[in-house]
Amino acid sequence: MHAKSIVGAGGFCSEIAAIVSAEIALGNRIAQAPEHAGWPEAESVFGELAEDFRTDIQHPPANVSYSVCNDPHYGWYGEYYCKIHKHLLVAGKCRHK
């Protein structure tokens, strides 16, 4: 997926798109393209990467938080959330047993 298709109308905000671009450069791939999901907020865009995040999760970009989900209900492990645009990017598989 090209950078133009992950940002802008129907795509991620520039904060999350930068993470996606870095992830793709590090060999990760998009499992679910960004789409307006209306969750976790009405204006949210949601997308998923196939593998665990490879970028520096300890130092997310400004206005972006990283957290671990690890809830089998959702099925992913890590998530980046833009506090400004309410966009959510998830990655990895749940490790809950």
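Buried here means under 20% relative accessible area. The model shown in every view is predicted.

**View 1. Strand β2 is covered on both of its sides.** V45, G47 and L49 point one way from β2. F46 and E48 point the other way. All of these residues are buried. That makes five of five for the strand, so β2 is mostly covered by the cut-off of under 20%.

**View 2. Five strands make an open sheet.** The strand order is β1-β2-β5-β4-β3. The pairing is mixed. At the edges lie β1, residues 30–36, and β3, residues 64–68. Each edge strand pairs on one side only. From one strand to the next, the twist averages 15°.

**View 3. Strand β2 pairs with both β1 and β5.** Strands of a sheet pair through backbone hydrogen bonds, either parallel or antiparallel. β1 and β2 show the antiparallel sense, over four bridges. H36 has V45 of β2 as its bridge partner. On to β5, residues 88–91: this strand runs parallel to β2, residues 45–49, and four bridges join the two. F46 has L88 of β5 as its bridge partner. For G47 the bridge partner in β5 is L89.

**View 4. Helix α2 lies across the sheet strands β1, β2, β3, β4 and β5.** The helix spans residues 14–25. Strand β4 covers residues 78–82. Helix α2 runs at about 145° to β4.

**View 5. W39 and Y74 form a stacked aromatic pair.** A pair of aromatic rings is described by the distance of the centres and the angle of the planes. The structure holds eight aromatic pairs. In the pair of W39 and Y74, the centres are 5.7 Å apart and the planes 25°. W39 sits in the loop between β1 and β2, and Y74 in the loop between β3 and β4. The pair therefore ties together parts that are 35 residues apart in sequence. W39 is partly exposed, at 36% relative accessibility. Y74 is partly exposed too, with a relative accessible area of 37%.

**View 6. F53 and Y80 meet edge-to-face.** Their ring centres are 4.6 Å apart. The planes stand at 70°, so the pair counts as edge-to-face. F53 belongs to the loop between β2 and β3, and Y80 to strand β4. The two are 27 residues apart, and their pair links distant parts of the chain. F53 is buried, with a relative accessible area of 14%. Y80 is buried at 1%.

**View 7. Ring pairs link four residues into a cluster.** The members are W39, F46, Y74 and W76. F46 is one of the buried residues of β2. W39, in contrast, is partly exposed.

**View 8. R95 lies over the face of Y77.** The distance from the ring centre is 3.7 Å.

**View 9. The cysteines form zero disulfides.** The sulfur of C13 has its closest cysteine sulfur in C82, 3.8 Å away. A disulfide needs sulfur atoms within 2.5 Å, so this distance is too far for a bond. C13 is buried, with a relative accessible area of 8%. C94 is in no disulfide either. Its nearest cysteine sulfur is that of C69, at 7.1 Å. C94 is partly exposed, with a relative accessible area of 21%.

How values were computed. Residues numbered from 1 in each chain as written. Predicted model: local features only at pLDDT ≥ 70, side-chain atom pairs only at ≥ 80, totals over all residues. Heavy atoms only, no water. Pairing = 2+ DSSP bridges. Axes fitted to C-alpha atoms, helices over the stretch in contact; angles between N-to-C directions. Contact = heavy atoms within 4.5 Å. Buried < 20%, exposed > 50% of the residue type's maximum accessible area, 1.4 Å probe, protein only. Phe/Tyr/Trp six-rings, centres within 6.5 Å; stacked < 30°, edge-to-face > 60°. Lys NZ or Arg CZ within 6 Å of the ring centre and 35° of its normal.
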